[in-house]
Amino acid sequence: MSLTSTEMRLKALRKKMAESNIDLYMVTNEDHHLNYFPPEYFHQLKYLTGCPVKDGVLLVTQENAHFWTVDSFGAAAREALKDTEIVVHIKDNPDDEISNLTDFFRAFSAATMQEILNGDISTSIDWEEGELDVKAEKKTLIGFDGRCFSFAFLDGIIREMETPYQMGAVNISPTIDLVGEIWKDRGELRPGNVYLYPELPDEDKSMIRHSDRLEERENLNSIAGRLSLIRKKMMGVAPEAGLPVIDLDDISWIFGIGGEGGDYGRLPLAYAYITMNEARLYLPQGSFSGKTRSKLEEAEVEICDYGQFYQSMENIREERVIIDPEACNASLALNFLFESEVGVISGANLISGERAVLSPEQMGGARKAALLDSIVMCQLMKWMDEGSGKEISLEKVKEKINQFRDPETFVSESRPVELEKYGNSVMVRFGSNYVNGTSTLARTIALGKPDPGVVYFNTVAVKAFMNVDASIFPKGILDSQFDCIFRKSFWNAMFDYEGPSGWNIGSRTAAASGPLWLDWSNPDGGTEIKCNMAVALCPHWGDITLESCYIFRSANKIAESVAPDRSKYIPKGMIISEATTLAPFDPRLIDFKMLSYREVMELKDYNDSIIDIFSQLEDEDMVKWLKKRFEIRIR
């Protein structure tokens, strides 16, 4: 048996569990900043199990192992783990009694309480201050690295085991990194270098007046202005409280810093802590220049050592802190609750809603990034169409994408390359971080006669895209309401898909940066869509995905700058969605009988606009191929 096999690694993990008296250990792929796409250094599930899926939680005991993931990764997880002892559970599977991790802990709690009632677990009873206190003698210890799980996740588990947890029958230790102890060839996490993003030139600051909230946003081009806005929001919650920040997108926006040459691409590796009187930025030693330090100190930002963040949080002066349970890791939250004995105020993220509104400079960068990736996608589709489908592999597609990217402006991937084949159809999805912006997109191309199911899904998806492209909405519309508009085509076609239709993309990274989460079933009701926000819309069916990026703009501004002939038809107080992704939809994958005349004409105009781009680039060979494959001719 190979020393690198799943069995040997689980055996090594169980040995460490026994040494630490841990009965149950959990592992995920999240990093210490809860990044949506963590670097390879944190691909712990793949290391332990060989399973390459991103979303998942592995739970290991001395007797068995369970793996939870979502439906879209179910097939890949089952294939990767079919020859192992690990039992795969798909979220919300009605045929599985523990299809969710919370189901497992609910059942575990019930079993523990039954043992107590049966006398299998001894208890002691004390009378303290007029209350009966029952404590269990035997304890089950649950361990995990709390830096890699959100506080919301931990809170959900504790709620499911509330009674045995309060009795002491279950203890939780969120400070143990057992995977790190057995992963001998893990390598080092590369922090890279930190640099300051250039501020908007004075002559261009008047552009900010296009924003809907001039008074609030006109100073947000400076670190001091952004800190001032955050402190105003903190005043509304608890003026005496501190605000720890671990989200790298948030930190990048607040302090205007980016990363290069490290494992986080354009994001800096950093923590932050903000109060009414101070702002601390925790950076790896040697990752920044003297000029960067000087600029930050001019903005009254104190630079501290990244490695000292958790220790410093044990000694804060504030009596309370403000955290978003979804954006704060469990280790940090428990540090406040038990080590520092600091009061915790749980609430929504005070930062993501602000950084999601792009400045004019960021909008220009987003447009350019989307255009660059659209050009890459067209070149990739041409290569696939003119070659043999049998030669298409993930590694070859990655090679071609890197070949087609602009070397002068490309920085890093914003999302890993995905390749799925369904009959004669091939879906490719990827994202890129460029110097001034970020992008993500997916397209499917037919390399032969397509499967009717793929044609049906693509047609329905294209109808949805056409419905929202250049559509007008009232200001104040919520992301959940917008999702209903987008999904109308799918619901009319009698099917749906799991999860949200889309999410915010930021100016630094395309990876689900929030706060928009376009899901009609959002239990909180939804978040307001604001002008100058950008989103990625991504419906999916089986292995086939379509994805495009859009920017929401003020309608009167769009009328002035893009469609002056439509200005009289667009009332004030409205917003319009505008596609920034310009990669063609394959006519072979569209059933035109399902489209209205208006939808056909809009699709024709959309594909023609891509042909025009390559005409301006004077790429005659590409123009010829695009016309042959994607031009829609109306008889």
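Trainee: Which element gives the most to the lining of the largest cavity?
Mentor: β10, with three residues. Keep in mind that this is a predicted model.

Trainee: What makes a residue part of that lining?
Mentor: An atom within 4 Å of a cavity point. Of the 16 residues that line the largest cavity, L243, P244, D324, A327 and N349 are the closest to its centre. Two elements give two or more residues to the lining: β10 (243-245) and β15 (320-323).

Trainee: Why is the space called a cavity?
Mentor: Because a 1.4 Å probe fits there but cannot get out. The largest cavity has a volume of about 150 Å³. The whole structure holds six cavities of 30 Å³ or more.

Trainee: How do the residues of the lining divide by class?
Mentor: Twelve are nonpolar, one is polar and three are charged. Asp counts as charged, so D324, among the closest to the centre, belongs to the charged class.

Trainee: Now the helices. How do α17 and α18 cross?
Mentor: The axes of α17 (residues 452-468) and α18 (residues 479-492) come within 7 Å and cross at roughly 145 degrees. The crossing is right-handed.

Methods
Residues are numbered from 1 along each chain as its sequence is written. This is a predicted model: local features need pLDDT of at least 70, side-chain atom pairs count only at pLDDT 80 or more; totals for chains, interfaces and linings use all residues. Side-chain values use heavy atoms; hydrogens and water are left out. Axes are lines fitted to C-alpha atoms, for helices over the stretch in contact, and angles run from 0 to 180 degrees between N-to-C directions. Helices (H or I, at least four residues) and strands (E, at least two) are DSSP runs, numbered from the N terminus. A crossing is left-handed if the near helix is turned anticlockwise from the far one by less than a right angle, and right-handed if clockwise. On a 1 Å grid over the protein atoms alone, a cavity is a set of points where a 1.4 Å probe fits but cannot get out, and a pocket is an open set with protein on both sides within 12 Å along at least five of seven lines; lining residues have an atom within 4 Å of a point. Grid points are joined across faces, edges and corners, and a volume is the space filled by probe spheres set on the points.
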